[in-house]
Structure formats: structure tokens, C-alpha cells
Amino acid sequence: MIHNTECENTKPTEAMIRIICGAWVSKAIHVVVTLGIPDLLGDGRKSCSELAVATGTQVSFLRRLMWALTIEGVFATEDQQTFELTAIGATLRRDAPESLRDWALLMLGDVHQGAWGELLYGVQTGKSAFSRRHGRDLWAFCRDDPSHAAMFDKAMAGFTQTYIANVLATFSFSGMRRIIDVGGGDGSFIIGILKANALAHGVVFELPHVAKAAAYRIAAAGLTDRCVSIVGDALVEAPFGGDAYILSRVLHDWDDEHSRRLLENCRNVLSGRARLVVIERIVPATSDEIAAMRGEILSDIALTDLNMMVMTSGRERTLAEYQRLFEQAGLRLVRVVPTRTAISVIELERAG
């Protein structure tokens, strides 16, 4: 039986009220990030009056908002007049090492929240909640709305920073000389790999608007001599010439048919001892696997799966479900390397 032990000493009604009110906390976070308050507090504490002037807000209302998020651990105060960031709140700064600012703006913004408003429709029909609200799927929406596409790409890049170090601490890319990140976003992941592996060269393979952002990021990292960004569609083909290919949090965006196509396109360009490295969450399939996971990791997997149901045609999968896809695509599982987060690294080779 799966059971949240954190609620054992709380009355059921109190626990449920807390869960329901979580939506209010998210809305409050979206407002302070939109106003730029975490950035304003980046150099130290400020009075609510100073923050109100800087953000063009009503001071007494802003104080109440700040106080509520102080109780949630986002800010700290001694007198409810002057506020500063906590370590948690600092993750919402634009310049934080693992900034979640853009992630918060994307996930809590009108486009994504509008899709979540169609969750009931999705559950009842098995159809896309996002398409119901916006008239097209997420990828078409991004294609048609460059500003949202830019926000989406920045949010994904920010989230990538939260797990790069854990992947590199548990999985070695040493010996892999040309690493191709298929659907590699703005290049954040491959940049992290190249910084840790001085002899490696990298390629980001992405759609045109994303490839352009990757090129800028690669240049900013001073890696243009070892990394390039090239344009392509992974649903059509993958580039030749790599001794390692990466699909990082790509498969969970797609249904089985599209995921199999992505895997087959990568399999088609594997030669010799080349490897395909898939980075995804793996849903626990047994009671023992569930018992071995920390509660926050289980929550991450379950809620991300729900988000995939709302936003895309994809899903998080069990290892057995992934293995079926791998076998159908002509790939053989070499090993699974868990990290301390919900993310696991799956290493594959061509099956003949």
C-alpha cells in the first residue's frame, strides 16, 4: 500500500485543506516572480515599502502576499515590514545557479494553467487537455507563438541545471569523444558534459529556433571550438558520426509511436560501440521499488506524469515499458544508473 506517512499526525481535514490551498501558494509564487521580487532581494533585505515602489504595487497588499510566502519558507522576516530571501526563495532569482524563475513563469502562467483547467476533459475523454484549451498541441503552439517558445526553452534550460550535476556524478561520459544531444534544447546539458570532459566534442541537434539559442549559449560558454549546434528534426532523422547519443527528457513528451520513431532514428546511426543514453524518470512498478524511493521523488514522478498527460501526448514509464520500446526499436539495454533525484540514466546499444 502506498501511503504518505507525513500526514499520519495530522487530522484528515487539516491535511486535505493543506493540499487544496497549495494552489494558492503557486499563484502567489507566480505573482512575486512576475514582479521580479526575488531579483530585487538579490543583494539583501528590503522593506515592503521599497519593494512596493519598485514594483508599482499597493504596499499593504504586497505585505500580505510576502507574509504568506514567508510562512511557506520563500522569504524571511522579523517584523513583517522588511523581507529577505531564504535559500528556497533564492532559486527564483534570475541569476541563481539553478534558477527556477523561468520554470515558475512557464508552469504557473496562463498558457499552462489554462491547459490544466481542462484536466477533467482529458480524464473523461483520453484526449489532450492542452489541445482542448488552445486548439493545437503544445509543439504547434510554440511554433506559432515565438514568445511562448522562448519562455518554454528557457524554462527547460533552467530545469536541466537542477539535475546535470547529479547525472555527471553518477554516470561517466569519459571515453565518449563525439557526443550528440538529440533534442538538446539550448545546449545546457551538453555544455555541462563538455566542461567535465575536456577531450570530448559535442553537437546539439535541434529545431531551428532552438538550435539558434543553443549556438548563443555554446558561444557564451566559450566552447565553439568543441561544440556546434545543427538544425534537424529528430522525428525524421538523427545525424551520423557520434559515438554517444543523448535523449534527455525527450521520450516522456511523446506517445509510444513517436517515442519508438525517435529511438529508431537514433538506432539507425549507432555504429560500432556507440551508445544511446536516455535520461528519464522511471516509474516504480513494484511495492519494493516504491518503498525504496523517497517521498519527494515519488511525488516528482507522479506529478510530472500528470503534467505530461495534460500538456503532451507523453507519459512517464516503468522500466518494463521502456524496455518494450527499446526492443521494438532494435536497441538492447546495457544498464540503468539511478541518480539521487527522480532522474535515471539508461544506457543502450544497438541490438545487432
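Predicted model: local features only at pLDDT ≥ 70, side-chain atom pairs only at ≥ 80, totals over all residues.
Trainee: Is helix H12 largely enclosed or exposed, and why?

Mentor: Helix H12 covers residues 188–196. Of its 9 residues, 7 are buried, so the rest of the structure leaves H12 largely enclosed.

Trainee: How are helices H1 and H4 oriented to one another?

Mentor: Helix H1 (residues 12–35) packs on helix H4 (residues 59–71) at about 120°, and their axes are 10 Å apart. Angles of 65 to 115 degrees count as roughly perpendicular. The angle here therefore makes H1, relative to H4, oblique.

Trainee: What is the make-up of the contact of H1 with H4?

Mentor: H1 passes H4 in a left-handed crossing. From H1, the contact draws on Val25, Ala28, Ile29, Val31, Val32 and Leu35, while H4 supplies Leu62, Leu65 and Leu69. By class, these residues include no polar and no charged ones, and the nonpolar count is 9.

Trainee: Is the crossing of H3 and H4 left-handed or right-handed, and how many charged residues does the contact hold?

Mentor: The crossing is right-handed. On the H3 side are Cys48, Ser49, Leu51, Ala52 and Thr55, which meet Val59, Leu62, Arg63 and Met66 of H4. These residues divide into 6 nonpolar and 2 polar, and the charged count is 1.

Technical notes. Residues numbered from 1 in each chain as written. Heavy atoms only, no water. Buried < 20%, exposed > 50% of the residue type's maximum accessible area, 1.4 Å probe, protein only. Helix = DSSP H or I, 4+ residues; strand = E, 2+ residues; numbered from the N terminus. Axes fitted to C-alpha atoms, helices over the stretch in contact; angles between N-to-C directions. Parallel < 35°, antiparallel > 145°, perpendicular 65-115°, else oblique. Left-handed = near helix turned anticlockwise from the far one by under 90°. Contact = heavy atoms within 4.5 Å. Nonpolar A, V, L, I, M, F, W, Y, C, P; charged D, E, K, R; others polar.
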